[in-house]
Amino acid sequence: MKRYLTIIIIIILFASESHAQDALAKLEYQDAETAYQNDNYSKALEHLEATKKLLGSTNATIMYLEISAKDKLLNTNNTSSYTHESLKQLCNDNNFSLITFYFDVTKSIYPAVGGINETQYVEFIIKAGNQSGMSNINKEELMYQALTEAATEVKTSADTHIKKIIEKHNLKRSTNNSSEIDLIEKLVSLDKLSKKYLKNFQNTAPLDKTKVVYEIQQKLQPRVIESDAIIQGLKAIKAKQYTNAIILLEKACKAGNEFGCMKREEAYLWDQITNHKDEIIQNLVNNMVLVEGGTFVMGMERYDNDNKTPHSVTLTDFYINKYEVTRLEWMAVMEEVETDGNNKCYDCPKVSSRYEILTFIDKLNEKTGRSFILPTEAQWEFAATGGNESEGFEFAGSNNKEEVYVIMYLNGKGITSVGSKKPNELGLYDMNGNVNDMCLDFYDGDFYKKSKNSINPICNQIKNWDKKNMS
């Protein structure tokens with residue numbers, strides 16, 4: 001009798017403990033749902049793990065929320081999550097609308113400007129806005145000032161700088177800095193989880209939830225193709241085994257994985273700027289062309305404003321590159337890879353800010369022992385019009401615009417490879433069109449008046465926020 005009583009007591013105790021665990025599991029699941037609704041997907045997953053541990057298993061309801069949270073987390077991973085609300089904490093109500101305007105603008109352009117990230121833009125736009133009071137100020141000047149200051153700060157460690165900004169302002173930002181390998185592994189894990197859900201619960205779970213999981217699983221498919229090859233390829237890039245990386249990532253690319261295609265291009269570029277850097281830079285140096293000095297009429301009569309009034313200018317000999325600097329040359333000098341979506345044109349000219357260009361020239365001079373500089377406005381115009389060999393063409397090398405002029409973004413053509421059109425009398429390409437060329441001197445409305453009959457004129461009118469970059 002005692003034996004049976006003991007068994008009954010044990011059973012009752014076990015049932016009580018099981019009931020308690022079920023209750024705790026329900027509380028954990030409720031916390032998971034609350035965290036999910038508040039967009040805190042990492043916390044939701046923590047509560048779901050606790051739920052599964054308490055129950056000793058999972059079910060359709062738990063798995064659905066787990067799949068949804070992981071999907072949301074992957075979609076927001078490695079992206080900025082600054083909010084207007086976090087910006088509002090940093091400035092008064094009068095500044096807020098204009099601050100958010102600049103924030104929205106910079107959000108769209110910051111990836112195109114190498115080295116400067118959104119965090120730095122936000123920091124300096126706020127700084128400039130607070131200093132100016134955002135009243136009676138030219139918007140373009142404020143933007144330019146903010147970007148110039150941000151560019152200067154790139155000299156410091158980006159990670160340290162970002163950390164300081166986040167700590168200082170308590171900005172709301174994703175802190176998940178998982179590596180690309182970690183990201184691929186999470187995609188594969190979510191793919192397996194969604195397949196398991198569809199296999200086990202597609203006939204019993206609510207139809208709307210099954211549809212959501214199915215759509216997530218279909219979205220994942222092209223991203224997990226040849227995932228093992230991609231992971232091994234990424235490891236090969238890290239180990240600087242670029243030939244092996246290219247082979248592995250090419251396999252994934254051919255199978256239809258776009259990420260594999262992108263990383264294959266990155267591996268190719270790292271191979272070029274690591275193993276062929278000296279050759280690329282030497283080719284850049286070899287393309288310098290001597291422009292013999294002379295006296296010419298600077299400016300054009302068809303411009304009736306004062307700053308284009310034709311006047312005589314004399315220049316001594318100088319050298320200028322026959323081509324615009326290409327993206328591959330830029331990467332070789334800077335020793336950093338820049339991929340640009342579907343743009344595989346590495347012989348296309350590099351589009352850069354003034355700060356970036358001056359940094360590039362400094363690095364080029366360090367690597368070659370030369371003293372390269374940007375051409376002055378007078379030098380550029382003399383070279384563009386053919387120098388002493390000028391035949392008086394309307395455009396740089398021809399009266400026929402189509403022969404020498406690459407019109408950027410016209411008819412869907414965009415930027416093209418350097419040297420794709422006819423050169424001018426000095427053998428210089430793209431002096432008209434393709435991308436805008438930058439000169440050493442700055443704009444001054446009275447410069448043409450001041451430089452009349454001068455020798456090697458240069459405008460030194462530099463705005464206050466540019467002086468630090470010219471020192």
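A crossing of two helices is left-handed if the near helix is turned anticlockwise from the far one by less than a right angle, and right-handed if clockwise. The helices (H or I, at least four residues) and strands (E, at least two) named here are DSSP runs, numbered from the N terminus. The structure is a predicted model, in which local features need pLDDT of at least 70 and side-chain atom pairs count only at pLDDT 80 or more, whereas totals for chains, interfaces and linings use all residues. Residues are numbered from 1 along each chain as its sequence is written, and side-chain values use heavy atoms, with hydrogens and water left out.

The crossing of H11 and H13 is left-handed. Helix H11 (residues 227-238) packs against H13 at an angle of about 20°, and their axes are 11 Å apart. Here axes are lines fitted to C-alpha atoms, for helices over the stretch in contact, and angles run from 0 to 180 degrees between N-to-C directions. H11 and H13 are therefore roughly parallel to each other; angles under 35 degrees count as roughly parallel, over 145 as roughly antiparallel, 65 to 115 as roughly perpendicular and the rest as oblique. Ile230, Leu234 and Ile237 of H11 meet Phe259, Gly260, Lys263, Ala267 and Trp270 of H13, where contact means heavy atoms within 4.5 Å. By class, this contact of H11 with H13 has 6 nonpolar residues, 1 polar and 1 charged. Ala, Val, Leu, Ile, Met, Phe, Trp, Tyr, Cys and Pro count as nonpolar, Asp, Glu, Lys and Arg as charged, and the others, Gly among them, as polar.

H13 (residues 258-275) also meets helix H15 (residues 327-334), their axes coming within 9 Å and crossing at roughly 60°. That angle makes H13 oblique to H15. The contact joins Leu269, Gln272 and Ile273 of H13 to Leu328, Met331 and Ala332 of H15, a set of 5 nonpolar residues and 1 polar, with no charged ones. H13 passes H15 in a right-handed crossing.

Helix H14 (residues 277-286) is another partner of H15: their axes come within 9 Å and cross at roughly 120°. H14 and H15 are therefore oblique to each other, and the crossing is left-handed. From H14, Lys277, Ile280, Ile281, Asn283 and Leu284 take part, and from H15, Leu328, Glu329, Ala332 and Val333.

Let us turn to the pocket. The second largest pocket is lined by 34 residues, and Val325, Ile357, Leu374, Pro375 and Met438 lie nearest its centre. By class, its lining has 24 nonpolar, 6 polar and 4 charged residues. Strand E4 (318-321), helix H16 (354-368) and helix H17 (377-384) each supply at least two residues of that lining.

Definitions and conventions:
1 Å grid on protein atoms, 1.4 Å probe; cavity = no way out; pocket = protein on both sides within 12 Å on 5 of 7 lines; lining within 4 Å.
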